Amino acid sequence: MKKLQEKNVNAIYLNMDGTCRRSEYDEDEDEEDAVDEAEIIFCHPEALLCCKSGSDTLTSLSGRVGVICIDECHKIEEWGKEFRKSFSDIHMLRSFFPCVPMLCLSGSLTSELMKNLPTLLGLKKPKIISRNPDVRNVFLEVRLKEKGSAQEIYEEIFIKEIMSLKSLKTLYPVTLLFLPLQYMSYAMRYAFKMFPDVKLSDSLFCALFSNQDADVVNTILSDLKKESPQFRLVFTTSVIGMGFDSPSVSRIIHAKPPRSMTSYLQEIGRAGRRGQDASATLYFNKSDIASNLPGIETDIVQYCMSETCLRSNLLKAFCYEKSESSPVGCKCCSICKRSCDCLSCK
């Protein structure tokens with residue numbers, strides 16, 4: 001929104017309740033006037049499909065819409081089942097705009113989701129444009145968790161990183177540590193113990209999660225957009241996956257696997273955005289990938305249990321293979337590193 005406003009493009013967004021704004025700090029505007037003047041409209045599907053004003057908005061847009069763009073389209077099936085059911089109704093937009101092109105975008109659409117998407121959105125013979133999603137500058141690693149209680153296991157992971165941060169300080173590589181929300185408070189408490197009297201303005205660590213104070217979130221995200229940010233260790237949940245673009249992140253650590261390779265690829269894609277060498281480490285145990293876990297996908301289970309190249313397993317989920325430009329040996333993954341015979345590994 002800010003970038004469009006800087007270029008004098010009239011853009012608005014519709015909240016889930018149908019209210020209309022130009023930024024999160026603006027007051028609600030008269031929706032009818034704002035929609036009539038808008039060149040680009042960002043919106044939640046609920047704003048069009050669930051609100052009283054939604055059908056009026058759709059009717060008023062008749063003949064004006066040039067394209068319907070659905071970003072992060074890999075979420076439609078997952079979210080539409082239970083989380084936000086209006087996502088499963090997006091196909092209804094076709095009845096309002098039958099001749100308008102629909103553009104669907106994703107950085108992590110698996111082959112299975114690609115097969116289902118035309119049906120979910122009512123697309124007929126869509127043109128598919130894709131490229132290999134290989135994150136070539138990111139070293140991939142899987143680690144089996146040590147035995148112990150759940151709290152002991154997570155403590156071992158975050159204490160190791162906090163102690164490394166205390167030792168290296170600003171030399172500690174900018175790291176996103178994905179933690180379950182219930183253990184984030186333990187991590188922050190231990191970090192404050194190691195860094196007493198620290199404040200947000202001078203802290204080397206922070207936390208990002210849903211429903212957090214907006215000013216705190218904006219302070220953290222603004223800092224992380226710098227090439228050399230103040231914050232070096234970020235405890236976070238999956239909330240930081242989509243729409244997060246930081247040039248400084250060079251390490252991703254998952255203390256627990258996400259439920260699918262789609263989510264995993266999205267989250268490790270936060271690292272190495274400048275092309276710098278980066279790494280992605282995934283911790284797991286058998287209970288993390290049990291078949292009775294709601295929403296667990298076979299592809300992430302196979303990745304965790306793999307005894308062959310992790311990169312090949314990751315790409316297989318998206319119907320791709322390693323290319324000639326893919327890294328090999330100790331530059332590729334923890335599995336390939338075991339058999340690497342380069343000079344640095346001997």
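Analyst: Two residues are in contact when heavy atoms of theirs lie within 4.5 Å. The model is predicted, so local features need a pLDDT of at least 70 and side-chain atom pairs count only at pLDDT 80 or more, while totals for chains, interfaces and linings use all residues. Residues are numbered from 1 along each chain as its sequence is written, and side-chain values use heavy atoms, with hydrogens and water left out.

Ser-106 shows the term in use. Leaving aside its neighbours within four places in sequence, Ser-106 is in contact with Cys-73 and His-74. Ser-106 sits in the loop between β5 (102–104) and α7 (111–121); helices (H or I, at least four residues) and strands (E, at least two) are DSSP runs, numbered from the N terminus. Its relative accessibility is 31%, so Ser-106 counts as partly exposed. On this scale buried means under 20% relative accessible area, exposed over 50%, and partly exposed in between, with a 1.4 Å probe and protein chains only. Ser-130 lies 24 residues away from Ser-106 along the chain, and 9.5 Å separate their C-alpha atoms.

Which residues of α8 are buried? They are Ile-153, Tyr-154, Ile-157, Phe-158, Glu-161, Ile-162 and Leu-165. After the helix comes Lys-169, which has a positive phi, near 55°.

Asp-288 belongs to the loop between β11 (278–284) and α12 (298–305). Its relative accessible area is 5%, so Asp-288 is buried.

Positive phi turns up in other loops too. Asn-211 is not a glycine, yet its phi is positive, about 60°. Asn-211 is in the loop between β8 and α10 (214–224), and at 83% relative accessibility it counts as exposed. Glu-72, again not a glycine, has a positive phi of about 50°. Glu-72 lies in the loop between β4 (68–70) and α5 (75–81), and with 18% relative accessibility it counts as buried.

Last, the chain around these parts. It has 14 helices and 11 strands. For its 346 residues, a compact globule would have a radius of gyration near 20 Å; the chain has 22 Å, which agrees. This radius is taken over C-alpha atoms, and the globule rule is 2.2 Å times the number of residues to the power 0.38. The C-alpha trace spans about 65 × 50 × 40 Å along its principal axes. Of the 346 residues, 46% count as buried. Among contacts with a separation of 6 or more, 70% come from residues 24 or more positions apart.
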